[in-house]
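Subject: Structure for your review

Dear colleague,

Please find below the structure that I am handing over to you. My findings follow directly after it.

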Amino acid sequence: MRGRVDPAAGPIFEQIADQVEAALARGELRPGEKLPSARALAEALRVNPNTVIRAFELLEQRGISETRRGLGTFVREDVDIEALRRRRLRAAARRYLKAVRELGLGPEAAEEALKEVKDVT
Amino acid sequence: MLLELKEVAKRYLRTPALDGVDLEVRGGEVVGLLGLNGAGKTTLLKVTAGLLVPDRGEVRLLGGPPRRARGKAVYLPEQNPWPAGARPAEVAHLLAGADPGFDRGRYRELLGFLEVPDRPFAQMSRGQRARANLALALARRAPLYLLDEPLAGIDLISRDRILKALVHEWRADAAVILSTHEVGEAEGLFDRAVFLKEGRVVLDAPVEDLRRRGKSVVETFKEVLA
C-alpha cells in the first residue's frame with residue numbers, strides 16, 4: 001500500500017479503505033492475504049489506531065475483508081477484483097471527462113485524445 | 001466518564017485564563033487541544049492535573065477532584081521540568097521510587113524508540129530534551145496523559161519520532177489530551193479536536209466529522225480561531 005493520507009481530502013478512514021481497494025485493483029494485494037495490523041498501519045501513517053480500525057470495519061461491510069479472531073484482518077477469498085478494477089476505471093474515466101469538459105470539449109474530443117496518446121506511447 | 005470539566009473558570013489577577021469551560025473525555029480518546037498562545041490551553045491542562053485549583057466550576061477525574069486521583073493524570077509541561085544537570089536515567093530512578101505506575105521495562109523500550117541520549121538535559125538539543133521528557137512521561141502507566149505542546153519548537157525529525165511514539169504507545173484504555181498550536185502534523189492522531197479561544201471552548205468535534213464537511217483540522221483551526 002502506498003502509505004499516505006491527506007487530512008484535507010475527507011475522512012481518513014475512508015482514504016485508508018480506498019487505498020486497500022486500490023492495492024487490490026493493482027494486484028499489489030491478493031485475495032486471502034493478511035492486511036497489516038491496525039497498529040502497524042497507524043504507525044506508518046501517523047494516525048490514530050481507531051481510524052484504521054474504522055477503515056477495516058468499512059472494508060468488512062463492503063465484503064472486501066474479514067477479521068479472523070486472534071489472527072488479524074484478511075482479504076476475503078471471494079472478493080471480486082474485476083468489479084473493483086472496473087469501478088476504479090470508471091472513476092478515472094469520469095475524472096478525465098470532467099477535465100475534458102472544463103476545456104469546453106466533448107466526449108468525441110476525449111476519445112480522440114485517448115487514441116492520439118495511445119499511438120504516441 | 002474519565003474526565004469531566006463543568007463551567008471551569010480561572011483568572012490570573014484580572015485576566016481570565018479559562019472562562020466557563022465544559023469538557024468531557026472518555027478512556028481511549030485522543031483529544032487535540034487547539035488554540036493560539038494565551039488561549040488557556042496550559043491552564044486547562046494544569047487544572048485537570050490538579051496543579052491549579054479553578055476559581056469556579058468543577059473538575060472531576062475518575063469521579064473525584066484531581067488532587068485525590070494522584071498518579072492518574074500524567075502531566076508533561078512544555079518546558080523541561082528537571083534540573084539541567086540531571087540525566088534522564090536519574091530522573092527515571094526518582095520517578096520509579098515515587099510513582100508505582102512507573103514501568104521500567106516500558107521506559108527502556110521508549111528510550112530506544114525515541115533515541116534518547118544518555119547525557120544531562122543541559123547537553124541535549126531541544127528535540128532530544130522533548131523526546132527524553134516524553135519517554136519519562138509515557139513510561140508512567142496512567143489512564144490520562146496531559147501533554148502540553150510536545151511538538152513546539154523542535155526539529156522535524158524529533159516531531160515525527162514523537163508522533164510515531166504516540167501511536168506506538170496508544171492504548172485502548174488510556175486517554176491523551178495533547179495541546180498544540182502546530183496542528184498539521186498531529187491532526188491524524190486526534191479522535192476529537194477542542195478549539196479554545198480566549199478561555200472558552202468555541203468548537204468541540206470529532207475530527208473525521210470536520211473532514212466529512214470538507215475541512216481538515218488545520219483549515220478549521222484557521223477558520224475558527226482567526
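In this predicted model, the side chains of B:Glu185 and B:Arg159 make a polar contact at 3.0 Å. B:Glu185 is found in helix H6 of chain B, residues 183–186, whereas B:Arg159 belongs to helix H5 of chain B, residues 156–168.

Are the two partners buried or exposed? B:Arg159 has a relative accessible area of 13% and is therefore buried, because buried means under 20%. B:Glu185 counts as partly exposed, with a relative accessibility of 33%.

Their surroundings can be described as well. Leaving aside neighbours within four places in sequence, B:Glu185 is in contact with B:Leu156, B:Arg159 and B:Leu163. With residues up to four places away again not counted, B:Arg159 touches B:Leu151, B:Ile154, B:Glu182 and B:Glu185. B:Glu185 and B:Gln128 are 57 residues apart in sequence, and their C-alpha atoms are 18 Å apart in space.

I turn next to the interface of the two chains. Contact is made by 20 residues of chain B and 17 residues of chain A. Between them the chains bury about 1700 Å², of which 49% is on carbon and sulfur atoms. On the side of chain B, the residues that lose the most area to chain A are B:Val167, B:Trp170 and B:Glu208, which together account for 36% of what that side buries.

There are 12 residue pairs in polar contact across this interface, counting pairs with both residues at pLDDT 80 or more. The number of salt bridges between chain B and chain A is two. In one salt bridge, the side chains of A:Arg46 and B:Asp160 meet at 2.7 Å, N to O. Which elements give two or more residues to the side of chain B that touches chain A? They are H5 and helix H7 (207–212) of chain B. H5(B) provides the largest share of that side, namely five residues.

Finally, I examined helix H4 of chain A, residues 81–102. In H4(A), the residues A:Ile81, A:Leu84 and A:Val100 are buried. They lie on the same side of H4(A), because they cover an arc of only 155° around the axis. The face turned away from this buried side carries the exposed residues A:Arg94, A:Lys98 and A:Arg101. At the start of H4(A), a side-chain oxygen of A:Asp80 comes within 3.3 Å of the backbone nitrogen of A:Glu82. After H4(A) comes A:Gly104, with a positive phi near 80°.

Yours sincerely

Technical notes: Residues are numbered from 1 along each chain as its sequence is written. Chains are lettered from A and ligands numbered from 1 in the order in which they are written. This is a predicted model: local features need pLDDT of at least 70, side-chain atom pairs count only at pLDDT 80 or more; totals for chains, interfaces and linings use all residues. Side-chain values use heavy atoms; hydrogens and water are left out. Helices (H or I, at least four residues) and strands (E, at least two) are DSSP runs, numbered from the N terminus. Buried means under 20% relative accessible area, exposed over 50%, partly exposed in between (1.4 Å probe, protein chains only). Contact means heavy atoms within 4.5 Å. The expected span of a helix is 1.5 Å times one less than its number of residues. The arc is that of the directions from the helix axis to the C-beta atoms. A polar contact is a pair of N or O atoms within 3.5 Å; within protein, one must be able to donate a hydrogen and the other to accept it, and residues adjacent in sequence count only if both atoms are side-chain atoms. Buried area is the accessible area (1.4 Å probe) that two parts lose on being put together, summed over both. A salt bridge is a side-chain nitrogen of Lys or Arg within 4 Å of a carboxyl oxygen of Asp or Glu.
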